[in-house]
Amino acid sequence: MALVLSNIYKRLSQHWISNHDLKEKMKSTGIMYGRLAIQLLDLCFNESESQALSSLTTKLLPFNNYTVMDLAMIGKNKYFIAHPCCQKRIFNMWHGHIRINQRHGFLSDNVKIVLCLLLVLPTYFWIETVSESKKPSGSKSKTIWKKPSLAEKISQGKLQLLCKVPFFNKLYFLWRAPLVKFWLSQIFFMAFLVYFMFAMAEPFCGKQFTNWHVSVWLLAYICDYLYIVVVRKLYCAELPIFESMRAIAVFAYTLTIIVVFRLAYPGYLSFTIVKTLLSFSLIYFCYLAMGFLFPVSPVYGPMMVNTVLMMKRDLITWLKMWMMTLISGAVAVQAALYPAFPLTMYTVLNALRRGIFAIFMTEVADIREGGQCSCLYNYTSSYGCQTSSIPYSVQEKLEKCVNNSTGSYLILLQYIFITKLVYVTLIFTVTRVTLATTYERSVEIWKYQLFLIVVNNHWRPMLPVPLVLLYYPFVVIKCCYLVLNYICRAWCPCCARSKEKPARVGDLNIWRGLMRMQKKNEKLEMEKVNQVRTADARLKVISKDQSTQSKQMDSINDRLIGIINSQTTLSLTLEHMKHVMEELGNKNFKTAGDVLPLRSQHTRCRMSPYPGTSIRRYPVFDKNVSWEENYPAYDPPAFSRPEEEYEEDRRPYLDPNMFELQKQKMERERLKVEDEEAPQDVAFSPEFNAEVEANTSAGDKYVVDRTSWITKDDQPMQYVLDTSGVPRNPMGRTGLRGRGNLWRWGPNHMIYAIVSRWKSAPNDNDVVPTHKMVNGMKVMEILVVHNDLLNEDSLPGDFISGKNSKYNVICEVMMRDLLGEKDVPSSTQLDQEDMIQVRNNF
């Protein structure tokens, strides 16, 4: 019933419904019933394989004695036919009562069948017969069957039993099997093709004897196909017969050509025309043989289905797209190359020929002509469109002359470009996409086509064409007997056929039980789906709550971090206020606990942000300054000012970033590749706690003093290196790692000049100035300069780079920052007297 309903809904959606939405709804309903039929068959096959196989071939009285597989074939339900249960039944139908022995594995089954047909004797070794017992009447139980044991299957006749039969009976079973009928017909069809080719290859119209033989063979094929069509229509009027009728038409066409123009009226048509007409038939016969042989192969069958799908879908669509380009391009090229050619049927055909063949070859013979044609076109250009004034002899020559102008070349090139590059690439792309998307579907279609081949060969007579002509007299006798039998039963009450027995209650109960089982399974599936949906909804709620809680936790963490940062900032501010008050001389301010002396607290180098940047130091309180104090959480950021940000004259004296060099070294060691283009700074290895000479990249010598000016017991302090190999500040933690804004790693020696004077009071009358007095004390003035990097005022001074002396540094600062001189020479020979002399210039 599900197969019938599926077929009804599909037919309604295809032929009787015009509304698109309703058509899609009917089509989807038909597909649903088709899937239901497959599910029921799957349940039956899993419950009892023998019952499922027998149900496929049981004739159904309410459905005109059609079997389940017949209904699936009528409805073209390819997925039902592709079910393993149906495929097993098709295998049994295809082999009939024979099975091929697999002991000799070096030969395929098809080769064994062919050798058995040709040599007969191998049948004894390679062919085994099976028999199938008739289905017993059975009991009328109203319950679903239980799974029978192997002994019950054998006793009930639901298994095909291997048995030994006489050799002649084995030959009879062999010739009755659809598999053998198929290969026997293919052998004779190949023989017919060879003989037909031989008749075509004979000169002129061939021999009369050969033509008569081919005509008889063609007549036999027409009778064979007509017999198959009649049997199929009598069995089921819904089965397709288009391919059979097309083959009958081609066979009849070929027979007519041979009989009329080679036998009856050999001089009516030229032998060349007759051979051309027969060549089309030969091509069709070759493709027909491919259509017979490929569908039985599990490899070539799906491939052929894909090819047909691509031809029907992609090639037709591509031709529709290319047709407009073909017509417009062919007309444009013809008009541009031969502008004076008269409009005739030859012109149209020639233009279309050039356009069609452009996709396969590039025809350039027309555009190679020139010379005289160019002169003629130049001569007639002055006439314009007044062609009546052009001499007739010139017009005749212009009709065959090619216009080799630039416009003609452009029109021809654009058509060739679009055809060869765009459309050829497009057809390959489209077919590749179709092949990838329809492969699984092609396997189902191939299985359905294989079933049609099995059915056709099941109805085919045992004798092949043309020997089948000997069988048709018996067919006529049988038909006469059936007609007389029908008349007798219609007029004689005693000869009337007994009524068909209705379906047994047990069989109906089986399908009722399967429907109940299917509904139960659907209910379970629906419950599983609902459970999954409920679980998904709960998971979404939990995920949403978790996301909300995560956001709240992030907000709380941010607030806690803000509170901790504020607390740290407040503590640092209080310590800074304490230091300021101590510097102001507030002797009554006392601190709790033991702290470092004021000179070692280096409060300015712990203030954030770092001068000239936005980098904040790691918080370091007074109690954590000393390296002897354990501070596990200490993790300061690293900063080394890039070389590009220094003045160009100072860059040769800078130390490279040791952290970057270490990172590059680790990367090279990881890759195990020697970096030949590495900079020279890679080999940087300074000597700490020492004073050495060094050379710049230009070859200038300078002194690098890495000794500390801090003394301990009248000796320079020896600073130590940390775990990464860089010097550690001997005064304690600063909250920052790296070179910072300084020039070198380790001590950076600076020199400052303190220039002071007593502030004078304004006095216009006295030659000797008087000092300004405040509360009975003189006011001192100190010379300062503005530091652009720190954005503050400081004493005049600079870094001792090693290229100049200490006094030269003071002289350079005064001349550069106070006198505004840009080019100040460096010298290591200046002493204190020279510095005083420079100071007196102010």
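Is Arg757 buried or exposed? Arg757 is exposed, with a relative accessible area of 57%. Welcome to this predicted model; the points below walk you through a hairpin, a helix pair and some salt bridges.

**Salt bridges**
- The count of salt bridges comes to twelve.
- Arg757 forms one with Glu781, their closest N and O atoms being 2.8 Å apart. Arg757 belongs to strand 11 and Glu781 to strand 16, so the pair ties together parts that are 24 residues apart in sequence. Glu781 is partly exposed, at 25% relative accessible area.
- Asp224 and Arg460 form another, with 2.5 Å between the closest N and O atoms. Here Asp224 sits in helix 12 and Arg460 in the loop between helix 20 and helix 21, so parts 236 residues apart in sequence are tied together. Asp224 is buried at 2% relative accessible area, and Arg460 also counts as buried at 16%.
- Lys88 and Glu49 meet through their side chains in a salt bridge of 1.9 Å, N to O. This pair links helix 6, which holds Lys88, with helix 3, which holds Glu49.
- Glu575, Lys578, Arg606 and Asp622 are linked in a salt-bridge network.

**A pair of helices**
- Helix 12 (residues 208–235) packs with helix 13 (residues 242–264) at an angle of about 155°, their axes 9 Å apart. The two helices are therefore roughly antiparallel, and their crossing is left-handed.
- The residues of this contact divide into 18 nonpolar, five polar and two charged.

**A hairpin**
- Strand 5 (residues 691–695) pairs with strand 6 (residues 701–705) in the antiparallel sense over five bridges.
- Val692 stands opposite Val704 in strand 6.
- Five residues lie between these strands, and in this hairpin Gly699 takes a positive phi near 95°.

Definitions and conventions. Residues numbered from 1 in each chain as written. Predicted model: local features only at pLDDT ≥ 70, side-chain atom pairs only at ≥ 80, totals over all residues. Heavy atoms only, no water. Pairing = 2+ DSSP bridges. Helix = DSSP H or I, 4+ residues; strand = E, 2+ residues; numbered from the N terminus. Axes fitted to C-alpha atoms, helices over the stretch in contact; angles between N-to-C directions. Parallel < 35°, antiparallel > 145°, perpendicular 65-115°, else oblique. Left-handed = near helix turned anticlockwise from the far one by under 90°. Nonpolar A, V, L, I, M, F, W, Y, C, P; charged D, E, K, R; others polar. Salt bridge = Lys/Arg side-chain N within 4 Å of Asp/Glu carboxyl O. Buried < 20%, exposed > 50% of the residue type's maximum accessible area, 1.4 Å probe, protein only.
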